[in-house]
Amino acid sequence: MPFAKFSNLDFDQIRTQIKDYLRANSNFTDFDFEGSNFSVLIDTLAYNTYITAFNSNLVVNESFLDSATLRENVVSLARNIGYVPRSKTAARASILFQVQTGSSSPTLTLQPGLICTGAQDDTSFVFSISEQITTVVNNGIAQFGTTDEPLDVLEGTFLTSQFVVDGSLEQRFILENGSIDSSSIVVYVKGSADPGLGKQYRQVDNIVNVNSSSETYLIQEIQDERYEILFGDGIFGAKVEDGAVITVQYIVTSGIDGNGPSIFSYAGSLQDSLGNIVVPTVVPTITTINAAANGGEIETLDSIKYFAPRLYSAQYRAVTARDYESIIQSIYPNTESVSVVGGEELSPPEFGTVFITIKPKNGEFVSDFDKGNILSKLKSYSLTGINQKIVDLQVLYVEVDSFIYYNSSQVANVNDLKSKITTSLTTYSSSSDLNKFGGRFKYSKVLNVIDNIDKSITSNITRIKIRRNLNALVNQFAQYELCFGNKFNVKPEGLNIKSTGFRIQGTTDTVFITDTPNTDKLTGIISIVKKDEATNTNIVVVKSAGTVDYVKGEVNLTTINIVSTDKPNNIVEVQAFPDSNDVIGLQDLYLEFNIPNSTINMVKDTITSGEQISGVGYRVTSSYANGELTRT
C-alpha cells in the first residue's frame, strides 16, 4: 500500500489524497462517488486534517520572530534575546517658573503629578512629573528650572500603583494601565526600617555591572501592551524582602498627539520643608523654553522584528554603524532614520570620530537639547577613545517634471486625473525605497507607477531633477559647499546648475548661480548672473564665484556675502540634473522624493484618441531639460 504524502493545506487536495490512498486498499470498495456514506466520512476526515494543518501552520509561524503576527508573541520572542520594545513616549516640554510665597520654609518641593496644562488644536493636555523636585527659597521666591537647566514636564496623567511583597506566592508586579511611558517609571521599595516611600530603585536594561546588592529593576512588556516590573533574585540585583511595600509611579500618555503645546498654565502642588501644603500668593507664570515635542507611539511590530536581532548582535556596544543605528533608535524613539559615518571615510579624514545624522519623525532637525541627551547616553555604549558628533540633517530632494499623455476620450475631467496621479506619486514617495539615508530613487518604478494609475494614460516622459538647499548666512561673508553625491549631467553650453534668486552685497539686483563647463567636461566654473528681461539674456555679475565637480556632484562657492533670498528662511535652492535617472542618497544624505515641488503636465494623446490619425501635428516632448536660468 503506497504512503500518501500530504503536502497541501487545501481541503479539496487533502480529500483527493485520502481517496487515492483508499483506492490502493482492496478492503474498501464502492466509496468513490459523492452519494456514498463513506464519502461523508472522507469529507469529515479531510476537514479535520485541514483544520489541524492550518492551526499547526499558525503555531509554527508564531514561534519565529520573522513570521509571528501577534504582538504578544513578537514581544515574547524579542524578550528571549533581551530586547524590550519601546513604549509610548510622552511629549516633553521644557519650562521654568517662579513661585512667590509667604511661607518661611527654606525650601519648597514640587510634588509628583500634575504641573501644568497646555492646549493644541482646541484640545487640552495635562503635563506632569513623576518625581518630586525641591528648590531653595530666596527672599520669598522659589524658582523651578533655569534657562540653562529648565524643568522637563511630560504630557500625560500621573498614576501610582502599590504592591505588598508576599514571598509565599509566585507574585508578579504588573502595571495594569496601557499607554505608559516606560522612561517615566519611578520605583520605591519600603522595607521594615525604611522611612517614607523607601529606597528608590533604578531601572537597568541589562545585568552588566549588577551585583547581589544592586537596588535595580527591569521592565518587560506583557499582554495588552502592559508592563511588568522585575526585581533581583539576590544574585543579580537585590532581592526584595517579604512584606516590603513597592510603590510605582508613572505617566500614562497620549503619545504623538501631545506634541505641539507651547503655552502652559500652572496647576502644580507645593509643600514646604515640614510637609505642609503651600499656596502661591500669585499664580505662577510659566515661561516656555521648548514647546512639547518628541511624543511617539509604541514600537511597531515591524520595528521590533528589525531592531531586536540587531541590538542583540550589538550586545549593548556601539562598534559598527548597525550598532549605532539600533542603539540610537532605542535611546531616542523619535528617530525615523540614522546615518553613521566613520571619520576615516571623510576627506580629509577625522580619525577617532563617528559622525551621526538623525532624521527625526517630526521635523528635519534634532534640537541641541536632544543632541546633548543622545550623546550623553551613547557614552555608556561606545568604546573608549571614540568620540561621537551629531551633525545636522542634509536632505537631497528628488523632483520630477513629468509630461503625462492621456486618451481624452476616456477622461471626463483632466484635473481629477491629475489629482489621482499626484496622490499615487505621494503614496509611492512614502515607500521603503525612499525617505531614508542610503535610499534609492528608482526611475523605472516611478514610470511604472504613473503608467498604471489609470487606463487612460498612454505614456509619460519624465525628467529627473535633484536639489539641495543652501542655508545662507545673511549679511556675512561665507563659503558654501553642497554635495549631491550623484554625478551631474553635463551640457556643453552650461546651465546644468540652477538656483532660486538671491541678492549679494554690491548690487540690488536679483541674481542666480549657473555653471560653465571646462574643456575636460569634468569640472566647471560657477558664475553669479542676473537676467536682462528686455533682451532675455544673462549678464555676468561675478564671473568666477566657485567651482563645480560634475563627477563627484559637488558645488563650491567662494567667499560671498548674501544679503537676502527669494525663498523664506534664508534658503537658496540649488538644482542640478543627474547623469543617471536613478538617484542614491549617499552616506549622510537623506533622500526625499519631493512631490509638492514636482511638476505634472497633462498632454492629450491625439493619436490614441483618434483626433489625428496620421500623427501630423502630434506634440512630442523632449526627454531632456531646457536651458532656463532660474529655478522657480
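1. Asp-566 is partly exposed in this predicted model, because its relative accessibility of 45% falls between the 20% and 50% limits. The side chain of Asp-566 meets that of Arg-503 in a salt bridge, with 2.8 Å from N to O. Since Asp-566 sits in the loop between E32 and E33 while Arg-503 belongs to strand E28 (residues 502-504), the pair ties together parts of the chain that are 63 residues apart in sequence. Arg-503, for its part, counts as buried, because its relative accessibility is 18%.

2. A further salt bridge is formed by the side chains of Arg-467 and Glu-573, at 3.6 Å from N to O. This pair links distant parts of the chain, with Arg-467 in strand E25 and Glu-573 in strand E33, 106 residues apart. Both partners are buried: Arg-467 has a relative accessible area of 2%, and Glu-573 has one of 9%. What do the salt bridges that share partners join into one network? The residues concerned are Glu-399, Arg-467 and Glu-573.

3. The salt bridge of Lys-420 with Asp-454 has its closest N and O atoms 3.2 Å apart.

4. Asn-569 is exposed, because its relative accessible area is 70%. Asn-294 likewise has a positive phi, near 70°, in a residue other than glycine, and its place is in the loop between strand E18 (287-293) and H4. As background to both entries, most residues other than glycine have a negative phi.

5. Which residues make the nonpolar surface patch of about 300 Å²? The patch is made by Ile-207, Ile-235 and Phe-236. Ile-207 lies in the loop between strand E11 (199-203) and strand E12 (216-221), and it counts as partly exposed at 44% relative accessibility. Phe-236 lies in the loop between strand E13 (227-231) and strand E14 (245-252), and at 45% relative accessibility Phe-236 counts as partly exposed as well. Phe-236 and Ser-212 are 24 residues apart in sequence, while their C-alpha atoms are 5.2 Å apart in space.

6. The second largest pocket holds about 1,000 Å³ of space. Of the 37 residues that line this pocket, those closest to its centre are Phe-307, Glu-325, Gln-329, Glu-336 and Ser-337. At least two residues of the lining are supplied by each of helix H4 (301-314), helix H5 (321-331), strand E19 (335-342) and strand E23 (436-437), and E19 gives the most, with six residues. By residue class, the lining of the second largest pocket divides into ten nonpolar, 18 polar and nine charged residues.

Definitions and conventions. Residues are numbered from 1 along each chain as its sequence is written. This is a predicted model: local features need pLDDT of at least 70, side-chain atom pairs count only at pLDDT 80 or more; totals for chains, interfaces and linings use all residues. Side-chain values use heavy atoms; hydrogens and water are left out. On a 1 Å grid over the protein atoms alone, a cavity is a set of points where a 1.4 Å probe fits but cannot get out, and a pocket is an open set with protein on both sides within 12 Å along at least five of seven lines; lining residues have an atom within 4 Å of a point. Grid points are joined across faces, edges and corners, and a volume is the space filled by probe spheres set on the points. Helices (H or I, at least four residues) and strands (E, at least two) are DSSP runs, numbered from the N terminus. Ala, Val, Leu, Ile, Met, Phe, Trp, Tyr, Cys and Pro count as nonpolar, Asp, Glu, Lys and Arg as charged, and the others, Gly among them, as polar. Patches are made of residues with over 30% relative accessible area and no salt bridge: like charges are joined within 9 Å, nonpolar side chains (Val, Leu, Ile, Met, Phe, Trp, Tyr) within 5 Å. Accessible areas come from the Shrake-Rupley method with a 1.4 Å probe; for residues, only the protein chains shown count as cover. A salt bridge is a side-chain nitrogen of Lys or Arg within 4 Å of a carboxyl oxygen of Asp or Glu. Buried means under 20% relative accessible area, exposed over 50%, partly exposed in between (1.4 Å probe, protein chains only).
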